[in-house]
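Keep the 3D view open while you read.

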Amino acid sequence: MDNQLNNSFTFNEEESIDLKQELRRYFRYWPWFLMALVVSLLGAYFYVRYAPRIYETYSKIKILDESEGLELPTSAFVFKRTNINLENEIEIITSYLIMDRVVRELNLNTSFYEEGTIQTSQIASLPFDFEQIIKPDSIESPLSYKIELNDKGFQITNLNTEKVFEFDKYSTIQIQHNLPFNVALDDKTSLDKLRDKVFIVNFNPIKSTALGLKSKIKVEAIGEASDLLKLSIKGESMELSEKILNALMDIFNRDGINDRQLVSKRTLDFIDERFVFLAEELDSIEIDQEIFKEKNNIVDIATDAELGLQQRSESEGEQFKLENQLTLSRLLAEALKGNSESDLLPANIGIENGGINTLISEYNLTVINRDKLENSAGQNNPAVQSAQSQVSDLKANISRSLNTYTSQLEASLKQLETRTQKFAGRVSQIPQQERLFKAIQRQQKIKESLYLLLLQKREEAAINLAITEPSIKVVENALSGTKPISPKPNIVYAAALLGGLLIPFGILYLIFMLDTKLHGKEDITKVTSKIPVIGEIPNLKKSKDIIFNDPNDRSPLAESFRILSANVDYILPIKEGEKGKVIYCTSTIKGEGKTYISLNLSLALSSMNKKVLLIGADLRNPQIHTHIREDKQKSGLSNYLHDVDYDWKEALINGFGMHPNHHILLSGNIPPNPAHLLTNGRFKKLIEEAKLHYDYVVVDTAPTILVTDTMLISQFADATVYIARANYTEKNLLKFSKELSESGKLKNMAYVINSVGAGKSYGYGYNYGYNYGYGNPDNA
C-alpha cells in the first residue's frame, strides 16, 4: 500500500524541467507582457516619428607620395608599394590645428537651429540675412539667442539672461543694440512661411567647437594595401556636413602643399640675401679695375706667348673652378652655422659633391617630417624626440662633410697655385700691370659666374614653388546618403519588441529567482520526491465560509478537503484488530494553517459518516476555540493530562450541528510545563481510549521547529500530515521537515500545501476542477 502511494504522489528526482510548466508560470503574467509591449512599441513609434534624422556624409582622398617618380625602384618599393604612413596622415587630418582652421574658415562656432513643436533640428544657415558682429576669438563662453518672427518684426531673446529685444521692421541694421549679430528679412514674400517660426543661434568658443568637430570626424583607410582614406561625419544637416568635409580636404591639401614649398621658399630667401652681397662685391671689383686702368694707362694687353698662355689659361680655369666650389662651400658652411634646427637649408646651389647634396635633401625632408609630427603629437612625443635627434645628426654630418670638402678644395687649390706660378715664370715678360689686371678680371669673373649661377638657381626654385604638386587627390567629393542612418525603424521596432518581452521577463525572472517562498508541490518535489504531497488547499480570498460546516457543500474549498480526506485515508496503514486511526496535523512554524487544516480535515472525514475526534494538542498556542467561538480557558486536554481523576469525555464539544459524529477536545488551560504533561503517560492513554470510540482521531499538534512537543508524542500517530503554506513557508524549511521524516521522528509523513492561489497553482484550476461533475449549484 505504501509503495503504491509513493508511486502515485511523487516524481522522479531525475525528471528534467517541464518547459511547458515554466512557460505557463510566466504566461500567468501575460498582462505585464502585453502592457510592456504596448508601451515599448508606442515609445518606438514616437521615437521614430520625432527623433532627429541623422545622415552620414563621406568623401574619399588619395594621399600622394612626395617621392613618387624621383626614386629608383627598390625591393622595398616593389613589395611595400608605398612610402606613405597612413596612420601619420590620419593623425594630421584629425589634428586640432587642422580642425581649428576648418572651424575658422566655415565659422562653425556659430550654429543655427530651427525649433519645432516637439524637436529642434540643426540647419546649415538661417532663411534670412545674418551678419555676425562678434569676433570668433572673443567668444569665451557659450551664448544662445532665440529669434522669432511675428506680425511686427523680429523678437530676439538672449537665452542666457532672458532679455528680450524687439525690432519692428524685420531688420536690426542701423539700429542701436547690444546683440552680437544683425538679421534682416529683405524678401517679404517669404514672410508668410517664416511667421511664428522660432530659430536658435548658438555661439561657442573656437576651442570647444574644434574639439567637438575632432570627435565627429572619422578617418579610416580603405584596405590594407591602399593609399585611399575615407572621411566621414554624421549630422542632421547634409549641406553643413558636406561643407565641413570639403573644407577639411581643401585645408589638408593646402597644408601639405605649404610643407612642400618650404624648401623652395627657403632657397629663394637664401639667394636673395646673397644677391645683396654679390652686387656690392661686383661693384667694388669694377671700380678697382677702372682705377687700375686709369693709374697704369692700360687700354689693351697683348696676348702672352701661345704656349705659355694656353697652359696658364688651363691652370687658371681649374683654379677658377676650385675657387668657385670653395666659395660655395664656405657660403653654405656660413649658412649652416647661422641656421637653427627649425630652418631648412638651400638645396642644389651648385656644389659638385653628391654626398653633400644628398645629405642636404635628407636633412630638409627630416625637418619637415619632424615639424609635422610635432604639430600633431607634441614636443614630448617619443617619435618627435627621435626625429629631432635625427635632424641634429644630419646637421652634424653636413658640417663634417663641408669641412672635409673645403679641406680638399684648399689642398687642390694650393697645388694649382704652384702650377700657376710655374706657368707664370714662363710668361715673366708679361708686365706686372697685366698680371695684376688679370687678377682683377679673374675676381670679376668669379663673382659674375657666381651671380649668374645663383640667378639660375633662383629661377629653378621659383618654378618649383609655382608648380608644387598637390598633397592629395580627391577621389570623391563629400556625398550624403539619401536615407538617414538614424533612426532605423526596423531596428527600433525590433528592439522595442524584444525589450517589451525581455524587460517583464527579466523582472519576473529576478522575482522568481529571489523568491524563497514555497508555491506548490513542485517546490516540495525538488527537495524530496519520497514524501508524497496529498493535497493542495486553495486560497479563495474569502473572509467567510472557510470552515466545512455543511457536509453537502460543493464549493472548491469543500472539494479540496474531501480529496485531502480521501488521500489521508489512503496513506493510513491497515492494521488488524484496531478500529480508530490517529492522524497528526503539524507544521514547521506558526501561521501555516495547521489548526485550519486539522479542523476542516476532521470535518471532511466526519462528512463521510465517520466518527471523528479532533484533539487540540498545541498546548502553548491553542487556536481551535477561535473557530467554534468557545472560551479559550474551557477545560480540555491539559486538564485531563494534569488531573488523573478527570474524564476527558466530559470536555468533549460538538461545535457543528450538521456534523453529529464530530467531537472536539480543546487544549484547555495553558500549562507551564506542556512537555512534561505530554510525556506523563496520560496522552497515550487518551489516544488508546479514543481509538476505541472513534474511527479517526485528528490531533492538532505544535509547530515542530519551535518546540519539541510534537516529537514527544509522534510515536502514537498512524500518519502525520505536514502543512506548508504557499507564499508563506520558506523553501529552506522543507529540508527540516525532510530530515524529520528521514530520521523517523515523524511517522508516515505526507505534505499538504495550504493557501495555494485559486486557478494559479501551476496549472490547477480549482474553480473548474472541483465543480466538475456536480452540475450548477444554482440549478440543483
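Keep in mind that what you're looking at is a predicted model. Let's begin with a helix pair: α6, residues 96-106, and α8, residues 206-216, have axes that come within 9 Å and cross at roughly 115°. On the α6 side the contact is made by Y96, M99, D100, V102, V103 and R104, while α8 brings in I206, K207, T209, A210, L211, L213 and K214. Sorted by class, that contact of α6 with α8 has eight nonpolar residues, four charged ones and one polar one.

Now zoom out for a moment. The chain has 24 helices and 20 strands, and 43% of its 780 residues count as buried. If you take the contacts between residues at least 6 apart in sequence, 78% of them join residues at least 24 apart.

Next come the sheets. One of them is an open sheet of four strands, in the order β10-β11-β1-β12, with antiparallel pairing. Its edges are β10 (218-221) and β12 (472-480); each has a single partner strand, so one side of each is left without a neighbour in the sheet. Ignoring direction, neighbouring strands here are turned by 20° against each other on average. Inside the sheet, β1 (residues 55-63) and β11 run antiparallel and are joined by eight bridges. To find your place in that pairing, look for Y55, whose bridge partner in β11 is G235.

While you're at β11, pick out S232, which sits in this strand (residues 228-235). Is S232 buried or exposed? The relative accessible area of S232 is 6%, and the cut-off for buried is under 20%, so S232 is buried. What is S232 in contact with, once its neighbours within four places in sequence are left aside? The list is E56, T57, Y58, K216, I217, K218 and L245. Of these, E56, T57 and Y58 fall within the residue range of β1.

The other sheet to look at is also open, and it has eight strands: β13-β20-β19-β14-β18-β15-β17-β16, with mixed pairing. Here β13 (533-539) and β16 (652-653) stand at the edges, and since each has a single partner strand, one side of each is left without a neighbour in the sheet. Start from the β16 end: β16 pairs with β17 (residues 662-665) in the antiparallel sense, over two bridges, and I653 has I664 of β17 as its bridge partner.

At the β13 end, the pairing of β13 with β20 is parallel, over five bridges.

Helix α16 (residues 556-571) lies across β13, β14 (581-587), β18 (696-700), β19 (719-725) and β20 (749-757), and runs at about 165° to β13. Helix α21 (residues 682-693) packs on the sheet too, touching β14, β15 (612-616), β17 and β18, and its direction makes about 145° with that of β18.

T366 lies in helix α11 (residues 354-377), and at 8% relative accessibility T366 counts as buried. Beyond its neighbours within four places in sequence, T366 is in contact with A387, Q390, V391 and L394.

For the second one, go to D269 in helix α9 (residues 238-296). D269 is partly exposed, with a relative accessible area of 42%. Then find R458: it's 189 residues from D269 along the chain, yet the C-alpha atoms of the two are separated by 9.1 Å.

How values were computed:
Residues are numbered from 1 along each chain as its sequence is written. This is a predicted model: local features need pLDDT of at least 70, side-chain atom pairs count only at pLDDT 80 or more; totals for chains, interfaces and linings use all residues. Side-chain values use heavy atoms; hydrogens and water are left out. Axes are lines fitted to C-alpha atoms, for helices over the stretch in contact, and angles run from 0 to 180 degrees between N-to-C directions. Contact means heavy atoms within 4.5 Å. Ala, Val, Leu, Ile, Met, Phe, Trp, Tyr, Cys and Pro count as nonpolar, Asp, Glu, Lys and Arg as charged, and the others, Gly among them, as polar. Buried means under 20% relative accessible area, exposed over 50%, partly exposed in between (1.4 Å probe, protein chains only). Two strands pair if DSSP finds at least two bridges between them.
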